[in-house]
Amino acid sequence: MFKPLTQKSWAGIGAALALALVLPLITRDPYVMHVMVLVMIFAIFASAWNLVTGFGGLKTFGHHAFFGLGAYGSALLALNLGLSPWITLWLGGLIAAAAGLLIGTPILRIRSMPHVAIVTLGFAEIVRICIANFSGLTRGEMGLWGIPQFEGFTLPGIGKVTFSPADKVSFYYLALALLVLMMVVIVRLMRSKTGLAMLAMRDGEDAAESLGVNLTRMKLMVFGLSAFIVGVAGAFYAHYLLILTPASAVGVDLMISIIAMVLVGGLGTFAGPLVGALVLTVLIELMRDLENYRLLGYGLLIVLIVMFLPRGLVTLRERLFPRPQE
Amino acid sequence: MNLAIFIEQILNGLITGSMYALIGSGIALVYGTMKVLNLAHGEFYMLGGYFTWYLAVSLGINPAIAIPAAVAIAFCLGMLIQKLTVEYLILRDNWAFTTIAATMGLSIILQNAALLVFGANFNTVPSYVSGVMVLGDIRISWQRVLIFVVALATIGFMTWLLKYTRLGWSIRATSQDRDAAQVVGIPVKRVYMICFGLAAALGALAAAMLAPINAINPWSGMPVLLKGFVVVVLGGLGSFPGAIIGGLLLGVVEAVGVQLTSSEWRDVISFTLMIAVIWWRPWGLFGKK
Amino acid sequence: MATEPTPKLMLDVQNVNVIYGNYQVLWDVSMQANAGQVMAVLGPNGSGKSTILKAIMGLTPVRSGKVIFEGEDITNRPAHEMIERGISMVLERRRLFTGMTVYENVMLGAYHKSVQKYAKERLEWVESLFPILKERRDQVAGKMSGGEQQMVAIARALMSKPKMLLMDEPYLGLTPRIVGQIAEIIHKVNAEGIAVIFNEQNVKLSFGISNYGYLLESGRVMLNGTGEEMMNSDVIRRVYLGE
């Protein structure tokens, strides 16, 4: 994790980024663009969940709460206060972060993984029910629609950039920018001293404590950051799809998809959540006719991966061609 | 609000709570013996409901036979699932997380399998007994009385099983010290399997008893699972008696809470209570640190 | 000491290797234990002296090598099969079922089907060996003192009518007076014809009661022989007795 990036990994990152940048030049097909925007939203969500669960070792199962809070928070602020989505995007993240700090405080005192799982699941359920019940504000199960869109702007040299459901390319680049930004934050954090302390915390709390790491503050900070990132992803989702329901934005199905993606890609790796989001989202889209089997497939995948490939796809090569043991 | 209605609500809370107790005690039994948090526990409830519905309604079998049969099927299914998945995972490093993730996956599989097999309809089972018990101003349907009686009988049976039978001794010994249990010759793996089966059976029994009141659908497991979690947090994770008391307590708290607010806040009340308890006494209301 | 004229080989451990994750705990360990004798496994902390007992009992997987008991291969068989074959074990730090009563703890020692039928007669026997068990039948085991708990643990292990008793650090954390009592109990157990294998750090303490022993260091057998031979060996004198 702290070894400097090799030339090979720089080359890999560069190639992936270049491919992502030129994709709209190859095809502007709205359907392809739509799938790729979803991939990137999920990739941000998955990376943030991986930050606490894979790197931080805090196994939470309720991050969909933050996605929903970011989505509804941003949408409602833009709708009711007339703020620009460009601002509420970040406010949505801050609302999620505040909630993250709130729920983080009790769970950080607990070292028992089952308790953490229970509290986070329960908290997400509280958020979902509250959003459904405060129907005067959120329109409950009817769904919140009429969410303001991102305003267009003029980019020197390129021309007018507009965000409309008809043209998804601008959403694509915005999602890509957000993904790159969040990845830079996560990677820089993990390669800093704080990141080292986090891994120490994951691998042995007592050891980290004796290193003089302030566990509670560290965990809280990581939890809040992760919630913020997920909240921003949720806010973007709201202003992209322009309609929200409690089930689509805070449903436990969403969390399960994310868990499946991270586990498939590889828990505790940088590339894992990205690979997982790409593979699963594209796979599901390719098998659209089998929509009824989508969740069944996710469930099977989670079980099979956990049982037979516990470290995910990104370690598959190592599993197939193991390096000789020293 | 008059007093009779209030007492009626408390009694109804106790009756609902007795079902929470059955569900929570299954989670406690599995956690107590193998330290596995079973996220698929709600699905045993859901499937138990379907088995009962299928046997009693579709096949028209007398509920007195259909319910035990449904419970027995759930028991076998629980053992099978444990054998196929959890048994391998608990032997590995990182088992605490992998068992949670795998049982979450299992829960999705069972949910969607039920959706494919039984469809998305809400199915109900006719009441097993009809009429209303009247005690002065208090009126409670005999169906609810039956639920409570069955719950008490089951709790009594489980207590006897744990305290006085060979199997019960081996379950208690395994939950207190797995290595020591192995050393005295207890086949720990078999105990795990039976505990998973018993937990599934308890969940299925709760579903069978509630089937005339709560419609069965593929998604009925998740809310029940979360309620079960509240119960075990109140009673202390892994404690069987704790789960019984926690279940009854939750039933009453919800009944009072719903009186003060409205029924759509029922779940928020119980989850908030749970988080408060974890904050204040993570080892449960009755357990020791 | 109940020494037979020609000791009969009971347990034969052949080139056993045990690996935890990436860490090898035992390296080609071989040892032989005879029927009716007391054997000591010596070694410092982390030498693998607990692991070898656990490997024999089937509590720790053996990566390679064999464990032969009375001529039959028992490598990597589950612990409940050992009980059936006549091996019983007292775990390190007693490991009682602390929430259960003394009676329940002891009776659990006769849990296995093959030994259930002896439960009554064995109970009488262990209660005569440890009168305190009868006095405290209904006490919760977790509330007893360390020495008392050790007695319950030994009684529990004796309930299954073993031919061989494995004891993992029986003296750990006990006062010298209690250590004396436990040593006496080991004598009594051995006098019944039960072979005993125990492990211990303290060399002098061990040879007081054992016929022979093995010395482990970093997972390898360094030395073996009778108590006398070992006490006179250079390694032991230099390293353990500080002479």
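Trainee: In this predicted model, is Phe153(A) buried, partly exposed or exposed?

Mentor: The relative accessibility of Phe153(A) is 31%. Buried would need a value under 20% and exposed one over 50%. Phe153(A) therefore counts as partly exposed.

Trainee: How does Trp86(A) count by its relative accessibility?

Mentor: Trp86(A) has a relative accessibility of 26%.

Trainee: How many aromatic pairs does a search of the whole structure find, and what geometry do Trp86(A) and Phe153(A) have?

Mentor: Over all chains the search finds 26 aromatic pairs. The ring centres of Trp86(A) and Phe153(A) are 5.9 Å apart and the planes stand at 65 degrees. Planes over 60 degrees apart count as edge-to-face, so this pair is edge-to-face.

Trainee: How many residues apart are Trp86(A) and Phe153(A)?

Mentor: Trp86(A) belongs to helix H4 (residues 85-108) of chain A, and Phe153(A) to strand E2 (residues 153-155) of chain A. The pair links distant parts of the chain, 67 residues apart.

Trainee: What is the geometry of the rings of Tyr50(B) and Trp53(B), and where do these residues lie?

Mentor: Their ring centres are 6.2 Å apart with planes at 80 degrees, so the pair is edge-to-face. Both Tyr50(B) and Trp53(B) are buried. They are three residues apart, about one turn, in helix H2 (residues 41-58) of chain B.

Trainee: Which ring does the charged end of Arg139(A) sit over, and which does Lys161(C) lie over?

Mentor: For Arg139(A), the charged end is 4.7 Å from the centre of the ring of Trp145(A). For Lys161(C), the distance to the ring centre is 4.3 Å, over the face of Tyr118(C).

Trainee: Which side chain makes a polar contact with the side chain of Asn17(C)?

Mentor: Asn17(C) is in strand E1 (residues 9-20) of chain C and is buried, at 12% relative accessible area. Beyond four places in sequence, Asn17(C) touches several residues, among them Leu26(C), Trp27(C) and Val62(C). The polar contact, at 2.7 Å, is with the side chain of Gln24(C).

Key:
Residues are numbered from 1 along each chain as its sequence is written. Chains are lettered from A and ligands numbered from 1 in the order in which they are written. This is a predicted model: local features need pLDDT of at least 70, side-chain atom pairs count only at pLDDT 80 or more; totals for chains, interfaces and linings use all residues. Side-chain values use heavy atoms; hydrogens and water are left out. Helices (H or I, at least four residues) and strands (E, at least two) are DSSP runs, numbered from the N terminus. Buried means under 20% relative accessible area, exposed over 50%, partly exposed in between (1.4 Å probe, protein chains only). A polar contact is a pair of N or O atoms within 3.5 Å; within protein, one must be able to donate a hydrogen and the other to accept it, and residues adjacent in sequence count only if both atoms are side-chain atoms. Contact means heavy atoms within 4.5 Å. Rings of Phe, Tyr and Trp (its six-membered ring) pair if their centres lie within 6.5 Å; planes under 30 degrees apart count as stacked, over 60 as edge-to-face and the rest as tilted. A charge sits over a ring if NZ of Lys or CZ of Arg is within 6 Å of the ring centre and within 35 degrees of the ring normal.
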